[in-house]
Amino acid sequence: MSKHHQETAPIVERLIFNNRIAVLLIFALLTVFFGYQAAQVKPDTSFEKMIPLKHPYIVNMIEHENDLPNLGNSIRIAVEIEEGDIFSTEYMEMLKRINDEVFFLPGVDRSNLRSLWTPNVRWTEVTEYGFDGGPVANRPSYTSEEDLEELRSNVLKSGEIGRLVANNFKSTIIDVPLQEAYPNPENQSELIQLDYGDFSRQLEEKIRQKFEAENPNIKVHIVGFAKKVGDLIEGIIKVVMFFAAALLITFVLLLMFTRCLKSSLTTLVCSVIAVVWQLGLLRTLGFGLDPYSILVPFLVFAIGISHGVQIINGMAIEYPTSQGSYDAARRAFRALYIPGIVALISDAVGFVTLLLIEIEVIRELGIAASIGVGVIILTNLMLLPILMSYIGISKGAVERNRERAARPQKTWLAVARFAHSKVAPVSILLAIAAFAFGIYHGKNVAIGDLDPGAPELRADSRYNLDNKFIIDNYSTSSDILVVMVKTPPEQCSAYETMEAIDQLEWKMNNLDGVQSAVSLVTVAKQVIMGNNEGNLKWQGLSRNQDNLNNAISRAPSGMFNSSCSLAPVMVFLDDHKAETLSRATAAVEAFAEEYNTDELEFKLAAGNAGIEAATNVVIEASQTKMLLTVYAVVIFMCLVTFRSIRAVLCIIIPLALTSVLANALMAFLGIGVKVATLPVIALGVGIGVDYGIYIYSRLESYLRQGLPLDEAYYETLKTTGKAVTFTGFTLAIGVATWIFSAIKFQADMGILLTFMFLWNMFGALWLLPALARFLIRPDKLRQ
């Protein structure tokens, strides 16, 4: 470590230890302020935060969102009758009441709501007098058999079977488009943002629970982005229990490690203060907690414990040669301030690289993590030593530490063998083999979702069971890719446009992974056939423009916009797996390249599948860039600190091995790289570097004293090594509690972070000394 760095710590040391009372008073006032702010933090998410707003697909979708009212953010409510079918008075009355209740929920786009009871769901038939039609439900109530039979006839002629009406006639769907912001009923000039958590609760209380309790024969199934996010927010509340469990487990482990109640409690309190400050700062800066960043306070707490243990351990080492707790605290601070702050700044700057990903929810996670780690510099590297200078470590703990240090420690003697000249080459060869294994299997990691339904939730969650019900009972998939066909005004029905759309439909209908494709051409063909006595020979496009104009005039709402300048082609997919999405979008892009002109443009993409496809593209493009940036930042910080490329290699290579093996683990577990798992890469690298920095810093100090590598590493293990081992297990156990979360992506993050924390610790203890054997020259360090 450079002379400049060695001089920095005493300056900061004098500043805080010579003004302890003033510093403690400032910390107390800030804790009260941030505590007040933290108490007001609420779950906060939105549709826009979850999608890459700058991707061309999303730009196109937003540009035309007013022309695609039913293809953006919406939910689908399937109302099922268990005994009987939908053609009964019982069912229709219940559906009408549910429809009315949904109509008045805040945030619902009421003009575009669709169900059997709304006038925009119509039936059409061809008679000897021409076309006839009307609303499917054209009576105020259905109490007689004649009325119900008429309803059955209207449904059969509506073309909604498999869409709004189940194939088995035992359920129907209420299609509910939502407004991201809606007028305040008390002040129409003011807009209210849709609260997904509150909206989801209202769906449960006012729709599902109310009507299922009222009529046990009725079951309600709800799917859609807003409901999924609502379920995730509900899961956030339960996360508090995991935090409490982590708090208790950590305290027990701290007590076992320090054998000192007061130092354990002080470390715990400082780490909790770090969480309070982080949440308070987020609130002060105008941020909330979404389903992804809710896990950041866990990490902040665990990282705080990690660095706090280094301080406590450092004090215990210094105690025997110090003049009391004040002197021991100052010495520990002096020894650990630089490696600690370098490790934490590396963490923080590494998390900032998440800002490179143009998805707001990931950026906010990066901001929250960076703020939290920055706070730990103050609470656990400064506040903790000051508090410990007053509180001190119990005599019993100091005596136990002295006795342990005086006698040979068999465990550390065994671990120290990794630095031996005969063992180190074997370790290097094993590491090379592990790299090869990880790279070979890691290439199978997929981008995006690998499971049907909502992969953020478990397969047996209520949402995924509802989604399965809709998939099993309706012909149209819930995964919709929308291609927007743009023309000059009044030209969407031109023969050239309709012919091109027809060609796209044919291509997509014959593409693997596509269930069907629907557009105004589909309707036009049916109408033209109907105008010709239903003869199948006439089911095609007419070159007569008047015939085409007449045909599309009978298309339902949403098939084209009011100026006839945009016509969506809805492609229903088998699933939203990355492979399916990339195949479908590639086919559309190839088609667009061939058919696009100055007057006709095929634009991707709307629908939930279009959003997923855009997200996958952004994640795939960002993954390597983010990883390289994280490593570049960490390498730069280590290089500035240790002024040695060889030292940087000793710290970075074990870290890189962890990243490679984590990719292989994701491939084995079937976890794709997506919004939830991409940040784990930065988190694992940022936090994992701490182990290497602490171990190498202590190892270098012993090498400078002239100790041979084997002995220097043994002394390192006796001091810093045990603290690193403890923090590795503590971090891993803390995040391992997430594995039991009802939210699957939290469980996935828990598995990956547990692996990365443990392997980073093991890599630092095992591989770093082996690399040092070949890379570090002690004689150069002593100069």
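Residues are described as buried under 20% relative accessible area, as exposed over 50%, and as partly exposed in between, with a 1.4 Å probe and protein chains only. The model is predicted, so that local features need pLDDT of at least 70 and side-chain atom pairs count only at pLDDT 80 or more, while totals for chains, interfaces and linings use all residues. Residues are numbered from 1 along each chain as its sequence is written, and side-chain values use heavy atoms, with hydrogens and water left out.

Salt bridges, defined as a side-chain nitrogen of Lys or Arg within 4 Å of a carboxyl oxygen of Asp or Glu, number 24 in the structure. One of them joins E63 to K486, with 3.7 Å between the closest N and O atoms. Because E63 belongs to helix α3 (residues 56-63) and K486 to strand β8 (residues 480-486), this pair ties together parts that are 423 residues apart in sequence; helices (H or I, at least four residues) and strands (E, at least two) are here DSSP runs, numbered from the N terminus. E63 counts as partly exposed at 46% relative accessibility, and K486 likewise counts as partly exposed, at 31%.

A further salt bridge is formed by the side chains of R462 and E212, at 3.5 Å from N to O. This pair, too, links distant parts of the chain, since R462 lies in helix α15 (residues 462-473) and E212 in helix α6 (residues 196-214), 250 residues apart. R462 is partly exposed, with a relative accessible area of 39%, whereas E212 is buried, with a value of 18%. Both residues take part in a network of salt bridges that links E204, R208, E212, K227, D231, R462 and D466. Within helix α19 (residues 578-595), E579 and R583 are four residues apart and therefore separated by about one helical turn, and their side chains meet in a salt bridge of 3.2 Å, N to O. Of this pair, E579 is exposed at 58% relative accessibility, while R583 is partly exposed at 23%.

Strand β8 is also part of an open sheet of four strands, which follow the order β9-β10-β8-β11 with antiparallel pairing; two strands are taken to pair if DSSP finds at least two bridges between them. The edge strands, each pairing on one side only, are β9 (514-518) and β11 (601-606). On average, and with direction ignored, neighbouring strands of this sheet are turned by 25° against each other. Five bridges connect β8 and β11 in the antiparallel sense, and V485 has F602 in β11 as its bridge partner. Helix α16 (residues 495-509) packs on the sheet, touching β8, β9, β10 (566-573) and β11, and its direction makes about 170° with that of β9. Helix α19 lies across β8, β10 and β11 and runs at about 160° to β11. In these descriptions contact means heavy atoms within 4.5 Å, whereas axes are lines fitted to C-alpha atoms, for helices over the stretch in contact, and angles run from 0 to 180 degrees between N-to-C directions.

Strand β1 (residues 74-81) is mostly covered, eight of its eight residues being buried. In a regular strand the side chains alternate between the two faces of the sheet. In β1 both faces are covered, with S74, R76, A78 and E80 buried on one side and I75, I77, V79 and I81 buried on the other. Strand β1 pairs in the antiparallel sense with strand β4 (residues 171-177) over seven bridges, V79 standing opposite T172. Seven bridges also join β1 to strand β7 (residues 218-224), again in an antiparallel arrangement, and here I77 has I222 as its bridge partner.

Helices α8 (residues 261-284) and α11 (residues 360-391) pack at an angle of about 145°, their axes lying 8 Å apart. The residues of this contact divide into 16 nonpolar, eight polar and one charged, where Ala, Val, Leu, Ile, Met, Phe, Trp, Tyr, Cys and Pro count as nonpolar, Asp, Glu, Lys and Arg as charged, and the others, Gly among them, as polar. In the loop between α10 (325-352) and α11 lies I359, which is buried, with a relative accessible area of 0%. Leaving aside neighbours within four places in sequence, I359 is in contact with K49, M50, I51, P52, T615, V618, I619 and V675.
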